[in-house]
Amino acid sequence: MKKIFYSIIAAAAIFTGCNREIILQKGTGSLAIDLSCKSDMNEVQSKATDEDIINDLAIDITRPYDGWKVNYTPFSTIRGKMVELGSGDYILTASSQNKADAAFDQPIYSGTKDFKILTGQVTTVDVICSISNAKVSVNLSDNFVNELSDYTVTVSNGKGNLSWNKNANVNDFKPIVVDGKTAFTGSKAAYFTVAPLTVTVNGHRAIDNTDASTTYYIETVNPADHHILNLDAKVTGEAGISITISHDVNPVDQTIVVPGFDETPVPGDDPSEGGDDNTGDDNTGDDNAGDDNTGGEEQPVATITWDANPTYADMLINADMNADMVITVPGKIAEFEVTVDSPQLTAAIEGLTSDGSSKMNLITDEDLILFLSDAAPALPTGENLAGKTQVDFFLTEFINMISMYTPASGDQHKFTLDIVDEAGKTFSKTLTFVTE
């Protein structure tokens with residue numbers, strides 16, 4: 001871990017002869033600010049030096065007892081000045097100006113410190129700003145790149161998502177040599193505000209253009225974690241994701257292998273256990289002759305993976321609620337509707353849908369989709385649903401809209417998901433949320 005300290009204002013030097021920023025003049029003392037940044041992610045410096053980061057921070061000074069506050073953005077605007085404040089207790093917060101929930105090459109630095117101003121005295125406040133969001137990098141093995149003709153790796157924290165792609169028009173990966181072996185690394189590092197992460201890999205096998213996809217969930221995410229996703233694929237089409245978590249303090253490496261892509265035998269592969277090709281037997285060389293698949297379970301039209309509520313029990317609406325889930329539709333989504341049965345929300349939905357009903361068509365109702373793009377931007381609609389075999393269905397933000405209508409405790413709000421795949425098969429599931 002690397003720590004770099006820059007003394008932005010030296011109390012003794014500034015007190016004797018610098019410009020002053022006067023806030024309150026009665027019973028005042030002087031404030032000198034000493035900022036530093038701490039990072040175990042050296043890649044950050046490819047975009048900005050530590051001094052650049054510090055100079056660009058936003059400074060908020062708050063007096064808790066009466067709520068008085070002042071802001072300096074960026075910090076460079078008061079560099080070389082002594083800040084004078086009325087005597088009392090204060091809180092200083094330094095933080096990055098850009099705080100997107102998901103963005104490439106955007107670490108968020110923050111730090112805070114309580115301090116006291118005494119009349120006629122100089123107070124020096126040392127604030128260490130560390131990374132408060134999590135970093136994600138993606139590496140691909142040579143096998144992965146050779147096995148798949150195109151692929152997209154998407155990571156989401158429920159508030160935003162970022163993707164690395166390789167297709168005919170773009171390639172976000174560049175080759176590197178590690179221990180004499182060629183691998184590929186994503187050209188951009190992603191940063192996410194702290195929340196559980198969903199990793200989705202979608203692609204097509206080079207040998208037969210069949211779909212290949214897998215999803216993995218990272219439940220434990222901490223500030224300054226660096227999640228390194230190492231994607232590999234066996235030549236049979238089975239893939240794995242290994243995740244290494246590098247912590248800021250007390251580094252702990254954790255590798256998780258996740259089985260993913262359905263195995264599709266390569267032409268010429270021998271499916272028999274003993275290696276016989278069955279030539280000359282009654283099967284006349286047909287690999288699957290005699291297999292009628294009777295007794296096998298029919299593949300469901302759709303499945304809902306709701307990690308926060310795997311039994312789909314009624315869920316209380318509160319600050320800890322997590323209504324985000326993953327919906328898998330092997331036959332590809334053709335239609336997706338959500339019917340709302342809520343004492344408060346139903347009437348509002350009826351005023352938004354094109355047919356005046358409480359059934360939201362999330363794929364074709366353009367006016368409704370336009371509204372949702374502002375009210376619940378994380379909820380997938382339109383082309384983010386149509387034709388997909390798997391979607392992150394972020395429902396939490398939409399459910400939280402109920403609180404706008406002052407619901408009564410115990411009110412039940414039912415959301416029925418109706419899905420039709422491209423073969424015309426249907427799926428329906430009702431999810432119930434209860435006002436706490």
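Modeller: Happy to. This is a predicted model, and its chain has 6 helices and 28 strands.

Colleague: How many residues does the chain have, and what share of them is buried?

Modeller: There are 436 residues, and 42% of them are buried. The chain exposes about 22,000 Å², with carbon and sulfur atoms supplying 47% of that area. Among contacts with a separation of 6 or more, 63% join residues 24 or more positions apart.

Colleague: Let's turn to D172. Where is D172 found?

Modeller: D172 sits in the loop between strand 13 (161-166) and strand 14 (173-178). Leaving aside residues up to four places away in sequence, D172 touches S163, W164, N165, T185, G186, S187 and K188.

Colleague: Why do you say that D172 has no salt bridge?

Modeller: A salt bridge needs a side-chain nitrogen of Lys or Arg within 4 Å of a carboxyl oxygen of Asp or Glu. For D172, the nearest side chain of opposite charge is K188, at 4.3 Å.

Colleague: On to the strands. What makes strand 4 and strand 7 a pair?

Modeller: Two strands pair if there are at least two bridges between them. Strand 4 (residues 58-63) and strand 7 (residues 88-95) are joined by 5 bridges, so they count as a pair, and they run antiparallel. T62 stands opposite I91 in strand 7.

Colleague: And over how many bridges do strand 7 and strand 9 pair?

Modeller: Strand 7 pairs with strand 9 (residues 109-117) over 8 bridges, again in the antiparallel sense. There, S95 has S110 in strand 9 as its bridge partner.

Colleague: In the open sheet of 3 strands, what is the strand order?

Modeller: The order is 21-23-26, and the pairing is antiparallel. Strand 21 (303-305) and strand 26 (390-394) are called edge strands because each pairs on one side only. From one strand to the next, the twist averages 25°.

Colleague: How do you know that strand 21 and strand 23 pair?

Modeller: Strand 21 and strand 23 (residues 324-328) have 3 bridges between them. The requirement is at least two, so the two strands pair. I304 stands opposite I327 in strand 23.

Colleague: Now the backbone. Which peptide bond is cis, with omega near -5°?

Modeller: That is the bond from T73 to P74. P74 lies in the loop between strand 5 (68-72) and strand 6 (81-86).

Colleague: What is the phi of N209, and is N209 buried or exposed?

Modeller: Phi of N209 is near 65°, which is a positive value in a residue other than glycine. N209 belongs to the loop between strand 17 (197-205) and strand 18 (211-218). Its relative accessible area is 52%. Exposed means over 50%, so N209 is called exposed.

Colleague: Why is Y312 called partly exposed?

Modeller: The relative accessible area of Y312 is 26%. Buried means under 20% and exposed means over 50%, so a value in between makes Y312 partly exposed. Y312 is in the loop between strand 21 and strand 22 (315-317). Y312 also has a positive phi, about 60°, although it is not a glycine.

Definitions and conventions
Residues are numbered from 1 along each chain as its sequence is written. This is a predicted model: local features need pLDDT of at least 70, side-chain atom pairs count only at pLDDT 80 or more; totals for chains, interfaces and linings use all residues. Side-chain values use heavy atoms; hydrogens and water are left out. Helices (H or I, at least four residues) and strands (E, at least two) are DSSP runs, numbered from the N terminus. Buried means under 20% relative accessible area, exposed over 50%, partly exposed in between (1.4 Å probe, protein chains only). Lys and Arg count as positive and Asp and Glu as negative; His and the chain ends are not counted. Contact means heavy atoms within 4.5 Å. Accessible areas come from the Shrake-Rupley method with a 1.4 Å probe; for residues, only the protein chains shown count as cover. Axes are lines fitted to C-alpha atoms, for helices over the stretch in contact, and angles run from 0 to 180 degrees between N-to-C directions.
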